[in-house]
Amino acid sequence: MHELGVHRVELELQNEQLRNTQDELERSRHRYAELFASAPVGYVIVQANAAIVEANRRACELLDTPSSPRGRPLRDFIHPDDRAQLHQQVSQVFESERVRSLQVRLLQPAGVPRRVSLQMDQARDPTSSELLVRFVIIDIEEQERLREELERLASIVASSQDAIVSRDLDGRVTSWNDGARRLFGYAAPDMIGQTLDLIVPIEERPAEWALLSRLRRGETIDHVDAERVARGGVRVPVWMSMAPIRDEQRRVVGSSLIARDATERRRADRALRERLRQLDILCQAGQALILGGDIASMRHELFERLRQAVGCQVCLDYEADLDGTVARLAWASGPLEPGDARTDVVWLEHSAFRTAARRGTSLVVDRIDQDAGDTPELLRRLGARCYAAFPMQSGGRLWGIAVFASVDRCEFGEGNVQIVQTVCDQMAAMLERSRLLAELHEREQALRAADRAKDTFIATLAHELRNPLAPIRNAVEVLRRDDEHQPRRLAWCRDVIGRQVAQLSHLLEDLLDISRLERNRIELRRERLDLNTIVQQAVESVGPLLDGRAHRCSVDLPRDPVPIDADPTRLTQVFTNLLNNAAKYTERGGLIAVRMDIDDRWAAIRVRDNGIGIPPAHLTDVFEMFTQYAGKPAGGLGIGLALTRGLVELHGGRIEARSEGAGLGSEFVVTLPVVAGRDGPVVVDPWHEHHDCKVDTRFRVLVVDDNVDAAQTLASMLTAHGQETRSAYGGQSALEIAEQWAPDAVFLDLGMPGMSGLEVCRALRERRPEAPPLLVACTGWGQQADRVRSTEAGFDAHLVKPVEPAEVLRLLQSAAHLPRGHRHA
């Protein structure tokens with residue numbers, strides 16, 4: 001019993017120990033579970049099928065999953081590009097007990113993968129002995145970012161064009177980039193561990209040690225201009241900045257230095273100072289150009305200032321002739337002989353200055369060989385060692401060449417070239433401006449003369465237009481007071497009114513023709529004609545004027561027809577104008593001769609008179625607008641010969657005025673091209689179709705014009721020729737009459753108030769679409785655009801006031817053969 005009791009006590013002690021051990025194991029397991037769960041790295045256990053068995057909190061954070069990833073394949077969290085490599089490494093871990101490492105990217109919802117390091121090894125389930133893989137996941141994103149930043153900075157330092165050097169507190173080099181090698185010529189192995197005394201000039205070393213002391217005290221040093229000695233002893237100007245290097249405790253442990261080659265900067269500084277000097281010279285030149293009065297004296301004063309500014313002893317100012325072939329020395333400054341400036345003449349094409357003159361660019365010659373044959377003789381005699389020639393060109397003209405030379409230096413200097421060329425360009429512009437001002441003054445005087453001619457023309461026009469109006473008004477008054485028993489008086493009044501209206505029409509047509517000619521709006525209606533007939537028609541048309549002044553007129557024309565392609569109306573106008581002038585400017589009882597000479601290509605028609613003649617100085621002026629010879633005014637507007645020349649040139653010919661002087665008569669020669677071969681039909685009388693025009697059919701004619709007199713007189717003329725007429729004085733009344741009366745022809749004014757003639761025409765065509773009347777526009781608007789508008793509106797013809805009765809009757813006669821409206825026999 002005693003032994004049983006002892007064993008019992010021992011068992012209880014063992015049980016107590018076992019319970020204590022289990023409690024300790026439980027506490028240890030709990031501690032390890034807490035350690036596993038709160039570890040700063042991720043832990044993941046994966047089965048052979050790649051499914052996650054267990055993951056701690058950090059792993060869940062790295063995998064970016066809010067809940068436990070248990071049961072999900074680990075590959076779902078891996079970037080697709082890294083999955084194959086992970087699968088290969090996991091397979092190797094299952095085959096061996098070696099620890100494997102791998103960097104992969106974890107997918108993140110934000111779209112930017114997270115870089116992590118994976119460490120893998122084998123593990124077994126303690127209960128089932130299943131083979132597992134343990135993963136330790138370490139976030140290396142920040143580490144990689146820092147590494148990349150360091151690599152980027154290292155790359156910048158390595159590739160920088162500047163020299164970047166770091167030193168310790170003793171001033172020994174700890175890093176030396178490739179920029180330092182290029183700047184100073186020493187490679188990094190040559191300088192690492194050495195001080196910079198190797199590249200610091202002896203005289204600058206105390207300043208360098210002082211800079212190093214300031215760096216040790218933590219000062220930053222900017223913008224130090226100094227010189228350093230490169231390999232081979234070449235001194236290099238540098239611009240430096242230095243800063244202290246500190247450790248994590250902010251203690252100074254070294255210094256950095258950035259050095260840049262300052263050669264270009266110093267050159268730029270020198271260029272800037274040179275530019276400021278040049279600007280000062282330009283300012284002086286500008287003041288001289290602004291304040292100077294006489295161009296020649298200002299030019300010489302300016303070149304003298306310029307010579308002194310560029311340090312030259314000689315200045316030669318050559319003036320070129322108008323065509324730029326010869327230049328004469330106009331002014332000189334320097335050790336010249338008294339006769340040099342008077343005798344030096346340069347043929348530019350055969351001189352050393354030919355390149356400058358031809359291309360318009362400066363010519364610079366340095367280090368002159370006194371034996372060189374192409375150096376100008378005057379410069380060789382003056383002992384010039386270098387010179388530069390500067391063309392002065394503006395407005396397409398070479399004004400001259402300025403030559404600056406030095407006798408005590410061999411190079412002219414690029415900066416001097418720029419400043420002298422600029423001043424010469426300004427001088428050329430000033431010369432061109434002076435020329436333009438003179439030309440402007442001449443044009444102003446010409447404009448004033450033209451303005452005076454215009455005033456004279458307006459006064460003449462008023463006079464010429466008033467001349468026909470007086471007899472017309474008087475004739476009308478006679479008609480008002482006369483009765484039907486004085487037919488001779490009525491006939492006389494009719495003839496007076498006819499002549500004066502013709503004169504007014506002639507004046508108006510000349511004005512319109514000269515306007516059309518100036519705007520190139522005259523269109524020739526060419527046809528094959530006999531030039532003899534054209535000349536004869538012109539002579540016949542001026543017959544009353546010749547008879548009235550008792551002139552004798554001889555006409556000498558070829559017997560055979562002279563074929564020509566021309567506009568009969570315009571060509572007759574040419575010879576009528578010439579014959580009118582001959583009659584007006586020849587004293588009563590004079591002689592006028594018309595003769596034609598021909599060859600295979602040309603016909604020359606000469607109109608000669610023994611009148612007042614033309615002074616030789618005015619032979620070309622007579623063809624200008626508004627020009628009349630002041631020796632004997634004879635009426636007219638002074639535009640006839642200008643119009644005549646324009647019409648002749650439109651026909652491919654030319655006209656020339658000849659005279660031996662005042663009182664010796666004049667001759668005008670018109671030369672025109674004839675038809676080669678002289679074959680083909682020739683219209684002998686182009687006007688025959690307009691003579692004795694009759695209308696065989698009686699029409700109903702409606703005349704519409706807001707001018708009552710114009711409407712009634714046209715209607716009366718048509719009634720006198722056997723037509724049935726009615727008149728309307730507005731668009732609406734015209735439509736009402738047309739609706740009731742159904743006219744065969746309608747003569748419409750266009751510019752009526754209210755409803756225009758164009759609108760009336762459209763309305764008439766809309767109301768009678770199958771059989772519209774003959775629609776004729778009768779208007780004062782005769783431009784081509786006016787004719788186009790009337791055609792588009794539906795008019796059959798366009799007549800310009802004053803309308804010729806024969807033209808009206810011809811239109812009606814042509815309409816007799818067309819199926820239009822009602823006709824009455």
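Helices (H or I, at least four residues) and strands (E, at least two) are taken here as DSSP runs, numbered from the N terminus. Under this assignment, His-223 falls in strand E8 (residues 221-229), where its phi is near 55 degrees, a positive value in a residue other than glycine.

The structure is a predicted model, in which local features need pLDDT of at least 70 and side-chain atom pairs count only at pLDDT 80 or more, while totals for chains, interfaces and linings use all residues. Residues are numbered from 1 along each chain as its sequence is written, and side-chain values use heavy atoms, with hydrogens and water left out.

The predictor's confidence in each residue is expressed as pLDDT, on a scale from 0 to 100; its mean for the protein chain is 81, and 82% of the residues reach 70 or more. Among the elements of the chain, the highest mean pLDDT, 95, belongs to strand E26 (residues 745-748), and the lowest, 37, to strand E29 (residues 823-824). Over residues 683-691 the pLDDT is below 50, although the model gives this stretch 18 contacts (heavy atoms within 4.5 Å) beyond near neighbours in sequence. Residues 820-825 likewise stay under 50, with 21 contacts beyond four places in sequence. Where pLDDT is low, the predicted coordinates should not be read in detail.

A nonpolar core is defined as a set of buried Ala, Val, Leu, Ile, Met, Phe, Trp, Tyr and Cys residues joined through side-chain atoms within 4.5 Å, with buried meaning under 20% relative accessible area, exposed over 50%, and partly exposed in between (1.4 Å probe, protein chains only). The largest such core has 39 residues, and those with the most contacts inside it are Leu-531, Phe-575, Leu-578, Ile-605 and Leu-672. Several elements each supply at least two residues of this core, including helix H15 (531-541), strand E19 (563-566), helix H17 (568-584), strand E21 (602-609) and strand E23 (666-673); the largest share, seven residues, comes from H17. When residues up to four places away in sequence are not counted, Leu-672 touches, among others, Leu-531, Ile-564, Leu-571, Phe-575, Trp-602, Ile-605 and Val-648. Apart from this core lies another, of 28 residues, among them Met-298, Trp-331, Ala-402 and Ile-419.

Ala-405, in strand E16 (residues 397-406), counts as buried because its relative accessibility is 0%. Neighbours within four places in sequence left aside, Ala-405 is in contact with Cys-312, Gln-313, Val-314, Leu-379, Ala-384, Cys-386 and Tyr-387.

The structure holds 44 salt bridges, each a side-chain nitrogen of Lys or Arg within 4 Å of a carboxyl oxygen of Asp or Glu. One of them joins Glu-203 to Arg-235, with the closest N and O atoms 2.5 Å apart. Glu-203 lies in the loop between helix H6 (188-191) and helix H7 (205-216) and Arg-235 in strand E9 (residues 235-246), so this pair ties together parts that are 32 residues apart in sequence. Arg-235 itself is partly exposed, at 41% relative accessibility.

Within helix H13 (residues 414-481), Arg-435 and Glu-432 lie three residues apart, about one turn of the helix, and form a salt bridge whose closest N and O atoms are 2.5 Å apart; Arg-435 is partly exposed, with a relative accessible area of 30%, whereas Glu-432 is buried, at 10%. In helix H22 (residues 784-793), Arg-789 and Asp-786 are also three residues apart, and the closest N and O atoms of their salt bridge are 2.3 Å apart. Here Arg-789 is partly exposed, with a relative accessible area of 43%, while Asp-786 is buried, at 9%. A network of salt bridges links Arg-58, Glu-61, Arg-114 and Asp-139.

Arg-789 also takes part in the contact between helix H21 and H22, which is made by Leu-758, Cys-761 and Arg-762 of H21 and Arg-789, Ser-790 and Ala-793 of H22.

Asp-64, in the loop between helix H2 (57-63) and helix H3 (83-95), has a positive phi of about 55 degrees although it is not a glycine. Asp-64 counts as partly exposed, at 36% relative accessibility, whereas His-223 counts as exposed, at 57%.
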